[in-house]
Amino acid sequence: MIHATRSNDPVLIVGSMAFDDLELPTTNAKDVVGGSATYAALSAALFAPARVVAVVGDDFPSSAVELLAARGIETSGIERAAGKTFRWAGRYAKNLTSRTTLDTQLNVFADFRPKLPDAFRASPYLLLGNIHPSLQLEVLAQVERPKLVAADTMNFWISGERPTLLEMLKKIDTLVINDEELRQLAEEHNVKKAAAIVRAMGPKRLVVKRGEYGAMLFDDHGIFFAPAYPLEEEIDPTGAGDTFAGALMGYLSREGSLDRSSLRKGLMVAATVASFCVEGVGTERLAALDREQVARRLEDLRGLVHFGKE
Ligand code: AMP
C-alpha cells in the first residue's frame with residue numbers, strides 16, 4: 001500500500017518553528033519544540049525528501065534542528081534571527097477536542113521575510129503551513145509553478161487577517177483546515193455547505209480535519225471520508241493537523257500522482273500518521289516513527305472500514 005518511491009520530488013514546507021507551552025489533561029509541558037513546519041516536515045519526510053523554510057530565534061537549540069536533519073530533512077532554509085523564537089501556549093479540555101490558545105508571541109516571526117534558497121524555488125510540492133497569510137503569499141511569489149500547492153491556516157489568521165487570507169486562497173489548489181476553522185471561514189455551520197463556500201473562494205480541493213472524527217476530502221469527484229484511528233492512549237493532539245498535512249503531501253509526492261485513488265489513499269495514510277502524533281508530547285512519537293509502523297497501522301485502519309462488497 002505504501003509503495004516504493006515512484007517519484008523523488010521534494011516537498012517544500014514553510015511554516016512556524018516554535019516553543020509551545022502545553023496544558024494537557026495528563027501533564028503540563030513547557031518549551032516543547034513545535035510549530036507547523038516542525039510537525040509537517042517530520043511527517044512528510046517519512047515518504048519524500050522534505051525541505052523547510054522557517055525562522056527561529058537565537059534561543060532555539062541547535063539540537064532540535066539537528067533532529068530534523070537526522071530524519072533526512074533539508075534544514076538549510078531555516079533562518080536563525082536575533083531575538084526570541086515564536087511561542088504559543090494552549091490549554092486542552094479533558095476530552096482533548098477543544099483547546100484554548102492562552103498566548104501567541106510572534107517574536108522573530110514579526111519581521112520574518114521568507115527567502116527561498118534558489119535550489120528550493122522549483123519544489124514540485126509546496127505546503128504552506130500555518131503562518132501569516134502574507135508570508136504564505138510571499139512564498140507563492142517565489143516558487144516556480146509547483147505540481148501541488150496546499151495551505152493550512154487557523155482561527156488566529158481567519159479572524160485577524162481575513163482579506164489577506166482570501167487573497168492567498170485564490171492562489172492555492174488545496175486547503176487543509178479543521179472543521180471549526182472551516183465554519184468560521186465560510187460563516188456557515190453545516191460542513192457540506194461550508195465546504196462548497198470555501199471551494200468557491202479558490203482551492204478546488206478541500207481537506208477538512210475533524211480530529212477524532214476523521215477527515216473529509218471535498219473535490220470535483222465528490223466527498224471522501226477517512227476515519228481517525230481509534231487510540232487508547234491520547235496524550236497531546238498538538239500538531240496533529242500539521243502532521244496530517246505533511247504526511248498527505250509526502251505521500252502524494254511519493255506516489256507521483258494526484259488522481260482520485262492516490263488522494264484517497266493519501267487521506268488514509270495522513271490519518272494514520274497523525275494518530276501517532278497524538279500518542280506523545282510534542283514531536284516525541286513522530287521523531288521515532290518509521291514507515292513500517294505506519295504501514296501496520298494503516299492495515300488496521302483498512303480492516304476497520306472494510307465491510308464487504310455490495
Ligand atoms: P495544530 O495542533 O496542528 O493546530 O498545530 C499546533 C502548532 O501550531 C503548535 O506547535 C504551534 O506552535 C503552532 N501555532 C499555533 N499558533 C500559530 C500561529 N498563529 N501561527 C503559526 N503557528 C502557530
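Q: What makes a strand, and what makes a pair, in the open sheet of 4 strands?
A: The sheet has the order β3-β2-β6-β7, with mixed pairing. Its edge strands, β3 (28-34) and β7 (99-105), each pair on one side only. From one strand to the next the twist averages 20°. A strand is a DSSP run of E of at least two residues, a helix is a run of H or I of at least four, and both are numbered from the N terminus. Two strands pair if DSSP finds at least two bridges between them.

This is a predicted model: local features need pLDDT of at least 70, side-chain atom pairs count only at pLDDT 80 or more, and totals for chains, interfaces and linings use all residues. Residues are numbered from 1 along each chain as its sequence is written, and side-chain values use heavy atoms, with hydrogens and water left out.

Q: Why are strand β2 and strand β6 called a pair?
A: β2 (residues 18-23) and β6 (residues 86-92) run parallel and are joined by 6 bridges. The cut-off is at least two, so they pair. Across this pairing, phenylalanine 19 stands opposite arginine 87 in β6.

Q: Why are β5 and β13 at the edges of the sheet of 9 strands?
A: This open sheet has mixed pairing and the order β5-β4-β1-β8-β9-β10-β11-β12-β13. β5 (78-80) and β13 (222-226) each have a single partner strand, so one side of each lacks a neighbour in the sheet. The twist averages 15° from one strand to the next.

Q: Which bridges and residue partners tie β10 to β9 and β11?
A: β9 (residues 148-152) and β10 (residues 174-178) pair in the parallel sense over 3 bridges. In β10, threonine 174 is the bridge partner of alanine 150, and valine 176 stands opposite aspartate 152. On the β11 side, 5 bridges join β10 to β11, again in parallel. Valine 176 also stands opposite valine 207 in β11.

Q: Why is β10 called mostly covered?
A: Of the 5 residues of β10, 4 are buried. Buried means under 20% relative accessible area, exposed means over 50%, and partly exposed lies in between (1.4 Å probe, protein chains only).

Q: What makes the largest cavity a cavity, and which residues line it?
A: A cavity is a set of points on a 1 Å grid over the protein atoms alone where a 1.4 Å probe fits but cannot get out, and lining residues have an atom within 4 Å of a point. The structure holds 1 cavity of 30 Å³ or more. The largest has a volume of about 40 Å³, volume being the space filled by probe spheres set on the points, which are joined across faces, edges and corners. Its lining includes Leu217, Asp219, His221 and Arg260. β12, β13 and α9 (260-278) each supply at least two lining residues.

How values were computed: Axes are lines fitted to C-alpha atoms, for helices over the stretch in contact, and angles run from 0 to 180 degrees between N-to-C directions. On a 1 Å grid over the protein atoms alone, a cavity is a set of points where a 1.4 Å probe fits but cannot get out, and a pocket is an open set with protein on both sides within 12 Å along at least five of seven lines; lining residues have an atom within 4 Å of a point.
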